[in-house]
Amino acid sequence: PAPVWQLELSAVPGLLYVLCARRGIYCLSPDPESRSMNQDDGSDQDSEDGEPPCAVISVDPDACLLPDAALCTFTVVADKLVTLAQGPAHWKVQLFECPRPGEDARLRGQVGEVELSISSPLTGPLGEPTAPRFLPVLCCVSPAGPTALHSRAQGSGGFWLERALFGLLFGVDASLLESPVILCGLPDGQLCCVVLKTLVTSKLSPGNPKALVKILHHLEEPVVFIGAVKTESLAQDVEDTHPDCLVALGHDGQVLTIKAGWDGAGTLVPELREYRLPGPVLCAACGGGGRVYHSTTSELCVVDLAQEGVPSGDLGDPPSLLCPAGLGVCSVVTLSVLSEVPEGDVRLLALSTRGRLMTCRLQLSSEVPGPTRAAAASTGQKIKDLLSGIGTVSERLSSLRKAVDQRNKALTCLNEAMNVSCILLSGREGPRPISCTLTTAWSRPQLQDVLTATCQLENSSGLRLDRGWALCVRVLTSASASDADVASAATTYTIPVDRLGPGDRREVTLPLGPGEDGVLHLPLTVSCALHYSLREVVGGARAPSESSTDSLDEFRPDILPEQDGICLPLCEHTVDVLWCLRFPGLAPAHTQAPGLLGPLCDPVDTFLGSLLGPRSEPTGPASLRAKFLPPSVATIKVSAELLRAALGDRHSGTPLDCATLQQWLLAENAALDVVRARQLSSVQGVAPDGADVHLTVREVAMTDLGAAGPLQTVEIQVESSSPASLCSAHHAVIGRLQRMVVEQAARIPGPPDLRVQCLQQTHSSHETLLREVQTLRDRLCTEDEASLHATAQRLLQVHRQLRSPSLLLV
């Protein structure tokens, strides 16, 4: 029902085992009389080449001996069936008892199981098993004995090894038990083994891989063949022809040979040697005289691994390059040695990729004249010299190619940096292709509220910000703005930008305050810029290697400027008290995070309040001011026409007073996002110092300023019991008005007609109040305590009058 991956004939039961891809193992009888045959359509006609058509044998679904979609390979050892299945995270070796002669073709049960560790996952990203690109190799190795040459019980997929080498590879237990060993060659390059009799003993409990599985070697490429050859010549009176060398071939041409040898202390040790063949290797087979036949995509080759034909080398040397002899046959996917005679004739059975079964007769006579030993030594030395020269040139070429690649990458990065700089400095109107937005929020990680800023860097261009780019955020407090050394007082955060492709976003959250003194100094100036490091990108390319030529010496360390980067400004924001207001009374209870309903209370006030009871009045400084002093008020009047022009489309469908409050004054305050649809024109918030700040916006008509009639204006009123909070909020509103006037100065045709006399009177009264303020300040420094209170009261009244002027901003 599916492509055939493997065939194996068991001699004792007389059964043919067939592994079908993703279906399982089928058990068939090779006796033609026990099966029904029919011919294909057109069976009465011969084929084109004159040969009779092949018979079609129908296989009954009941012939499936072991249905398992995960099976990849198997082997038959006497009355045991050994399988290798692909699991989600491991390869699994399972052992079953085969059916006995005369019984039904059914397994008698599983008798052993062990899992093999892997170096790469066997599943895809969704957890599904991935189809193996290379099938694993499974074979049986038995120790050579007196009856080894005559025993056919181990199956067609096994071979024998010399006892000395068998004991070195698989241990004393396998030698004493005379147990066959299962060799597994995995697609990840591992060559591991499991002693068959110890696997049988693990029937009641799964085997421990560390105890049952031994890793012999790692070829670093898929294992495609495991076999054994005889490399040492024998005396004429010795009949032992058991293989003394284990051979494993990788798909890319890696060859591993393991023999038994002696070290300097006279101890028997395994000798591992690695060689390299021209790949890829599709299949292989071992023959006599140390010969290994292997097929590539273009040639069927033979190589002699006997001691006289293999170059010597230590284990630390690189793999020696073998030079196989071509046999003039191509596209062979399966290979087997049929017979060999002492005279040198060899018969091979091969199957091509086009489905042709071929027998190849080779003449490998040992009497072919060859070069003398001296000529061979001279030729070997010449080959070594040539290879040494090729290696030197290859190393030099590799070094130069690496240097060129580094500089090409650096030039590519510099070109991208130049393109980013051009689009950011072009001064085009509209949204910037690479922008940075700033939002603020309150959090309480410990016992103190912290104001955090979230900078969102968005790449809307078609360019890519790769290695070398960083986002620099500079925070300058109002306290440090008056210092002479502003740069040392500011705080700068540098965040690397790694692989910000078109359409990607990156968010960075930074703390803004309070500072070490526990006070949040407002306003804060937050500046965001992109910085490109030239030293990081060009530094690796400008450092020449030892093997670089003199023509590349123009990359000197002093070519970079002192400022080793490019700084591109993105945005600058002034974070004032209007950004930081909290509105615990507006948001629904389920949307408020615990601990963020208001500023953190003083623990002493909380303790005293709990002792005095629920009816006691608060005793804090803010509570005393609210009780005994009237709230301070500041008022600003703005032309309605000026505000409509500044709001633009945001004003449509919303009253002007509501739009002014929510979409202009408090546009950057994220705490109002949940209630912006309620169209509020008056809100009461909490300042960072805990004082209440009441903002009210209403439309009023001024009748005494307009020459042609009343003027439509918007009055913005700020009210607070804390003079400090009032001044901060008043300053924030004035700053927004100043920026609005600068932006709208060129768009509004001109101011309306005003009554100049009224303006002069208002201006004169304000000048009188300012002079009185200066006089009262001087008196505060010279008066005694008796008259000090009255002077302070009068100064407070004058300041209230100045905060509510009759002037109109047009």
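1. Helices α14 and α15. In this predicted model, α14 (residues 756–782) packs against α15 (residues 785–803) at an angle of about 155°, and their axes lie 10 Å apart. Axes here are lines fitted to C-alpha atoms, for helices over the stretch in contact, and angles run from 0 to 180 degrees between N-to-C directions. That makes α14 roughly antiparallel to α15 (angles over 145 degrees count as roughly antiparallel, under 35 as roughly parallel, 65 to 115 as roughly perpendicular and the rest as oblique). The crossing of α14 and α15 is left-handed, meaning that the near helix is turned anticlockwise from the far one by less than a right angle. Helices (H or I, at least four residues) and strands (E, at least two) are DSSP runs, numbered from the N terminus.

2. The α14–α15 contact. On the α14 side, the contact residues include His 766, Leu 769, Leu 770, Val 773, Leu 776 and Leu 780. On the α15 side, they include Leu 788, Ala 792, Leu 795, Val 798 and Leu 802. Contact means heavy atoms within 4.5 Å. The contact residues divide into 10 nonpolar, 4 polar and 4 charged (Ala, Val, Leu, Ile, Met, Phe, Trp, Tyr, Cys and Pro count as nonpolar, Asp, Glu, Lys and Arg as charged, and the others, Gly among them, as polar).

3. Basis of the model. Residues are numbered from 1 along each chain as its sequence is written, and side-chain values use heavy atoms, with hydrogens and water left out. The model is predicted: local features need pLDDT of at least 70, side-chain atom pairs count only at pLDDT 80 or more, and totals for chains, interfaces and linings use all residues.

4. Overall content. The protein has 15 helices and 38 strands. Of its 810 residues, 38% count as buried (under 20% relative accessible area, with exposed over 50% and partly exposed in between; 1.4 Å probe, protein chains only). Among contacts with a separation of 6 or more, 59% come from residues 24 or more positions apart.

5. Strand β14. 6 of the 6 residues of β14 (residues 190–195) are buried, so the strand is largely enclosed by the rest of the structure. Gln 190, Cys 192 and Val 194 point one way, and Leu 191, Cys 193 and Val 195 the other.

6. Partners of β14. Strand β13 (residues 181–185) runs antiparallel to β14, joined by 5 bridges; two strands pair if DSSP finds at least two bridges between them. Val 181 stands opposite Val 195. β13 and β14 form a hairpin with 4 residues between them, and Gly 189 in the turn has a positive phi of about 105°. Strand β15 (residues 213–218) is also antiparallel to β14, again through 5 bridges. There, Leu 191 stands opposite His 217.

7. Cys 140. This residue sits in strand β11 (residues 137–143). Cys 140 is buried, with a relative accessible area of 0%. Cys 140 and Val 195 are 55 residues apart in sequence and 9.7 Å apart in space, C-alpha to C-alpha.

8. The β25-β26-β27 sheet. These 3 strands form an open antiparallel sheet in that order. β25 (332–340) and β27 (357–363) are the edges, each with a single partner strand, so one side of each lacks a neighbour in the sheet. Neighbouring strands are turned by 25° against each other on average, direction ignored. β26 (residues 345–352) pairs with β27 over 7 bridges. Leu 351 stands opposite Leu 357 in β27.

9. Helix α12. Of the 10 residues in α12 (residues 656–665), 9 are buried. Among them are Asp 657, Cys 658 and Trp 664. The cover includes α8 (577–580), α11 (640–647), β37 (692–702) and α13 (723–744).
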